[in-house]
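Reader: I have a structure open and a few questions about it. Can we go through them one by one?

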Amino acid sequence: MAMYGQPDLREVIFALEGDGMASQKLRDFLESINGKFDFTTEDMRRMVQSFHLEMGNGLSGRKSSLKMLPAFVDRATGKEKGHFVALDLGGTNFRVIQVELDGRGHARVNHTGKFVIPNAVMRGTGTQLFNFIAQSIEKFILRYEIELEKKSKLGFTFSFPIDQKNIVSGILINWTKGFTATGVIGANVVKLLEEAIRKYGLENIQVAALANDTVGALAAKSYEDPDCDVGIIFGTGTNACYREKTANILKLKNPVSGHMIVNTEWGNYSKIKSNEYDDKLDRATNNPGRQRMEKMISGMYLGEVARLVLSDMIRSKFIFAGCKARFSKGNFKTRHMALVESDKSKDLIKIEGYLEGLGILDTTHEDRALLKGVCRTISRRAARISAAAISSVVTWMDPKLRAKHTVAIDGTLYEKYPNFRRTIVAALRELHGDAAKRTKLTQVKDGSGIGVAVVAAVASRGKSRSV
Ligand code: ADP
Ligand code: MG
């Protein structure tokens, strides 16, 4: 069991040839990297305790790195029905989706339109951003010749921290994931959306729900699985929501009985030990000091953490000494790490091919093994921190893990990163033994699309506050 805690660089260290001064220095360096990225069982346990404190503080309205935002909606019953337009804003692409719910737990995506958000729009003005959204909806409707009925219901997945008082409005608290559009923080994003929609002559559309992508994931899965009570995103960023007793949300002014989904905004969890690479990465972002856990886990950042380590190694000639190699900022992406780790060949030919594509020729086997080891060390820490965070949320609801919990997970990192899921599952077993079996991690495809349609439907049934 102890092996789970040991980053793979150790294997590389064992395999190092020769015992001259040079390789001793490399050994020492790798040992130090191992130590810096290690996240032991004990670290996980400590994190769960401190995570619970932060959750409690956030729910009570005290100072906390976890915002614990009430979503003003409960999970689905499976009976929700109808046609919906869903918008998904908050990551790499903006999407418009048409969804049909059959009232018997089956959801169907009829059409999807993907729109790349130009950098200038992400970082321009809010008006530009919302005009872009409305324009995309218009294009989508024209492209698929969608007939809008009067009061066509729209669900808006907006995956940033929002302060909600009900399901059809929300004030942006701060941007994350590289967005900086001006004039949106502090404003009601539904109002901005409605204004833009009207400008583009889409009066028939009525915004019926505003939700975060984690809430969408939970809602989508709970539509077919009544045990689902956690929703998670591992994509560009990371975040999670879960089902809370409304009475526990002490900061709510008029709590009603029943349950409500709470968006933890866990990407901002800050009581976590960081190393010099994390700190360096953080300082170079446009939100230093914020989203510290997200910066150790998610797709937008993992590659850059690895690049910072690799740059150190290149500078010290520990890696790629015989060839010209340089990775500049932002050039080594998480998907490249995934590719490196997916190479199971003895000679690491896939990695060799990837490096050759970058013009890094004549690499040695040791170079390639080191690269893979560094990636593995960083992605393993990401998975183990993720496991501790999952454990925190589930044990908050159910300390002894007596009940079944389905955890709905969306995001490309979870879907595609080699061994990410497996490492999380192993770490959960490390923490909880056999009891971990009752917590089932399931992938939910298109949570942000189907999910927000479900949320819109739940809200329209007048069940937005409690069961
Ligand atoms: P979003 O979170 O923006 O809605 P996704 O869930 O698709 O979108 O996640 C996008 C992130 O997934 C990117 O930031 C990228 O780092 C990561 N990613 C892309 N391809 C891969 C891959 N093959 N393996 C692992 N991660 C990937
Ligand atoms: Mg997404």
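Author: A definition to begin with: helices here are DSSP runs of H or I with at least four residues, numbered from the N terminus. Also, this is a predicted model.

Reader: ok, which helices supply at least two residues of the shell around ligand 1?

Author: α11 (334–341) and α14 (412–416) each do that.

Reader: and which residues come nearest to the ligand?

Author: Gly-91, Thr-92, Thr-236, Gly-299 and Thr-412, out of 14 residues around ligand 1.

Reader: what does Thr-412 do there, in distances?

Author: An N or O atom in the Thr-412 side chain is 2.3 Å from an oxygen atom of ligand 1. For Thr-236, a polar side-chain atom lies 2.5 Å from a ligand oxygen. With Gly-299 a polar backbone atom is involved, 3.0 Å from an oxygen of the ligand.

Reader: how much of ligand 1 does the protein bury?

Author: 73% of the 580 Å² that the ligand exposes when taken alone.

Reader: new topic, the sheet. what order are the strands in?

Author: β4-β3-β2-β5-β8, five strands in an open sheet with mixed pairing.

Reader: why is one side of β4 and of β8 left without a neighbour?

Author: β4 (107–116) and β8 (205–211) stand at the edges and each has a single partner strand, so one side of each has no neighbour in the sheet.

Reader: how do β2 and β3 run, and how many bridges join them?

Author: Antiparallel, with eight bridges between β2 (residues 81–89) and β3 (residues 93–102). Phe-84, for instance, has Val-99 in β3 as its bridge partner.

Reader: which strands does α16 lie across?

Author: Helix α16 (residues 447–460) lies across β2, β3, β4, β5 and β8, at about 55° to β3.

Key:
Residues numbered from 1 in each chain as written. Chains lettered and ligands numbered in written order. Predicted model: local features only at pLDDT ≥ 70, side-chain atom pairs only at ≥ 80, totals over all residues. Heavy atoms only, no water. Near = heavy atom within 4 Å. Polar contact = N/O pair within 3.5 Å; in protein donor to acceptor, adjacent residues only side chain to side chain. Areas by Shrake-Rupley, 256 points an atom, 1.4 Å probe, with all protein chains shown as cover. Pairing = 2+ DSSP bridges. Contact = heavy atoms within 4.5 Å. Axes fitted to C-alpha atoms, helices over the stretch in contact; angles between N-to-C directions.
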